[in-house]
Amino acid sequence: MTDHADQEKNPSPDTRPRTKHYTSYEDFYNDIPEEGSLGILAMGFQGVLAWRRKKEELKAARDKQNFSFEKSEENHG
Amino acid sequence: MAERPAKRVLLIGWDAADWKIINPLLDAGEMPALESLVNNGVMGNLATLDPPLSPMMWTSIATGMHADKHGIQGFIEPAPQAQGVRPVMTTSRKVKALWNILMQNGLKTHVVGWWPGHPAEPINGIYISNHYQRAYAPIDKPWHLHPGTIHPKEMESVFDQLRIHPAELTGAHIMPFVPELKKIDQEKEKKIEMLGKIIADAATIHNAATYIMENEPWDFMAVYYDAIDHFCHGFINFHPPKMEFVPNDQYELYQGVVNGGYRFHDMMLARLIELAGPDTTIVLVSDHGFHSDHLRPTGIRKIPAGPADQHRSYGVICMKGRNIQKDERIYGATLLDITPTILSLYGLPTGRDMDGHTLVQAFKKPFVPEMIDSWEKVEGDAGMHPVDLQEDPWAAQEAMQQLIALGYIEKPDKNKQKAITKTTNESRFYLARVYMNKSMFQEALPILEKLYKKNPDEIRFGLQLIRCLLELGAPEASQKILDEIKVLAEKNRKKKEKQTDYTPHLDLLQGRIFLEKNRPMQALESLEKAEKMLSSHPGLYLQIGSVYSKLKFWNKAIDTYQKVLSLDPDNAQAHHGLARAYLRQRRYVEAAEEALEAIGLLYHYPHAHFNLGLALLRIKRFERAAEAFEVCLRMAPDMNRARRLLIHLYEKQLNNSEKAEAHRKMLEDSESA
C-alpha cells in the first residue's frame, strides 16, 4: 500500500512540464473576476474566444498607455 | 425502421461521477443543470463491470458488450511489431461502436474525447481523439496536434485554436476550488499545478464539444470528460468528512476541490443543454462511482490499476427527452445497456450479440425492442479504421506517461519483451475477471491457472484463481493454492518487502474455503481473524453472513447483513443475503422485497432472480414467479433448479404445457451435457 505520505511525495497525475504558479490576484492581462472565471470556461469556445479577445484588447490598451507615458516622460525631459 | 422516439441524442460521459457526492449538492441547489435533467427525466444507478477500468468500461458503454467481445482489455497493449507497449487504441476495438452503427444508418455523428479514442475514427462527422487536450510543452513552445487527433484533418486548424493550455488559466480559475490559494507555496506543493491541468483539459474538451454543437449539423454527439475521476483521485482524501490521517491544514485547503469539480461540470452541462435544445434527448452516464465516505481506502495498493480500489460499483445514469419518463427512478441499469437504449431511441434494432438491453422502463410508451443478430454483419462504410492502420508513437508515449503518473500502470520495463510479457499477463488477468464477471468460470479457469503457474510470485493471480475454483466447487484445489500463497506471503512479510499485506485477504479466503468444505465453525474462526485487520469491511461481513446462513442461524445472519447495509446501503449481495434468510424464516413478502432491492441495484444477478421467484411462488404470485425464473435462466441457463420449478409452475399453475415442454427439453439437454 502507498500511504498518505507517499501520495504527498508524488501527488501529480501528470508528468507534463511545469507551467506556472497561479496567483491569487488578477494580473492586468488576465483581468477576470474569480466569480466569473469558471463561467467563461463553461460557456465553451465562445466564452474562451471572447476572453482571449478581451485580453488582447487590454494588452493593446496597456501597451498604448505605456507608449504614451514613455512619450510624455521624454517630452518632459 | 421502427418508431423513432428521439430526434437526436447527446451522450455525455462524466468519468467516475457518483450520486453519493452529487445528491448533497443537488439538495443544496448547487447543481441546477443536473437537477433540471433529474426532475424532467429519469435517474438511477448504473452498475459497473469488473474490472472497473475506464478504457474497458467506456468501450462497453459505446458497444453494449463486455471486454471479451470488444477487445479493449486494460490501459495498455503490446505495440505492433513487438515495439514495446502503448496505450489502448481505437484500432484495437474489435466491434462497431454506437457511432459506427448510427453512421451506417445515415445519421450524422460526432465524438469528442472518448477513451480510448486515438487515432480519431473516420466517421461522417468530427472525431476528436482523447489525446487532443493534453498540453505536452510549455505555453511559449510549439504545441502541435499529433497526427490522428482530429478527423477530418482539414478541421485541425480550427480545433488547434480551441485548446486551453494550463498556463493560460489564472488564480481566478483556481480559487473557486481552493479559496486560500495565497497560503500555498506552489514551489513545494504540486497539487495546484495538477488542478490547473485538470481544469484546462476539461475546458478544452468542452470547447471542442460546444464548437461542434454550434457549427455542425448533428444527429448524435458523444462527449467524454475525464476530469471528475482526476479531481477524485487527486483530492478525495480531503473531501468531507475528514479522514483521520489527513493533516488539518491540508484538509482546510483542499476540502472543497471535489465539490468544486462537480459544480464546474454542472456549469458546463448547463451550456450543453442549452446548445442541444429541447428536441434533443440527453443521456448522462458515468462508468463507475468513487468512494467518498467511510469506505474510502486509506491507501492505494502498489499493483497495476491499484487506484481502481477507490472506484465504487455504481456510476450514474440520467436521461431526459420528449419520450422519456419524467421524474422517475430506473432500476437495474448497467453500462452495457447504454448502446441498446440509444439504438432504440433512434428506432434501430439491438444486436443479439450485445450483452446489454434497452432500458424500456425509461421510455414513456412501453415497447418491445427490435433485434437483429448482429450489427457486425451489416456491410457498408461504418467509419472504422482500416485493419492495417499504424498510430502515432509519440502521442502514444505521452498518454503512457499520464497513465504511469496516475498509478494505473507501472513504468514499462526497458526491456521491450519483458514489458510486452507483463502487459500481456495483465490483459489476460483482466480477461479472466471479465469471464468471472459474466459467470463464465470454466473460461476463466485455464487463463488463471496458466498465469499463476508462470508467475507464482504474483499473489493477485493466485487469489483470483482460488475465487474461480471456489465458484466451480473445488475447495480442495483452492486450499492447495492458498497454502502455497500463505508460504510466499509469510516469506515476503519476513523480508519486510514494501508491498501489499495480504494477510487479512488470505484469512477471508480461508474462511470461504472452510465454508465450501462445510466446516462453518472453522470458517468463522478465520473470518474473526480477518476482522481484526478489516473492521468495517462490507465484504468480510458478507462472508460472516454466509457462515451464519450455513449454520442456519438466521437471526444472526440477518443482523450481519443489516450491518453490511449500515456500512454500504447499496450492497446488492447483502440485500440478497437478507432475501435468502427471510425465505428460510418463511417471511416471504420481506424476502421478495429484499430480492427486488438486490435486483434493482444489480440486475445481472441470477441467484437474486431465483430467490425472488421462490418468494413469489410461496405467496402464490405464479405469473410473476415464472417471469423471475425466466430471467434467472436467461442469465444462467444451467440453473436446473430454476428450470424444474418453472416446469412445475407452467404445468400445475399456469396451464401452459407448451412452455413446460420446451423447458423440459432444455433440462434434458442440459443434464445429458
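Predicted model: local features only at pLDDT ≥ 70, side-chain atom pairs only at ≥ 80, totals over all residues.

Guide: Residues are numbered from 1 along each chain as its sequence is written, chains are lettered from A in the order in which they are written, and side-chain values use heavy atoms, with hydrogens and water left out.

Over all chains, the structure holds 19 aromatic pairs, where rings of Phe, Tyr and Trp (its six-membered ring) pair if their centres lie within 6.5 Å, and planes under 30 degrees apart count as stacked, over 60 as edge-to-face and the rest as tilted. One of these pairs is edge-to-face, with Trp58(B) and Trp114(B) 5.3 Å apart centre to centre and 85° between the planes. Because Trp58(B) lies in helix α3 of chain B and Trp114(B) in the loop between β5 and β6, this pair ties together parts that are 56 residues apart in sequence; helices (H or I, at least four residues) and strands (E, at least two) are DSSP runs, numbered from the N terminus. Both Trp58(B) and Trp114(B) are buried, a word that means under 20% relative accessible area, with exposed over 50% and partly exposed in between (1.4 Å probe, protein chains only).

A tilted pair is formed by Phe235(B) and Tyr254(B), at 5.7 Å centre to centre and 50° between the planes.
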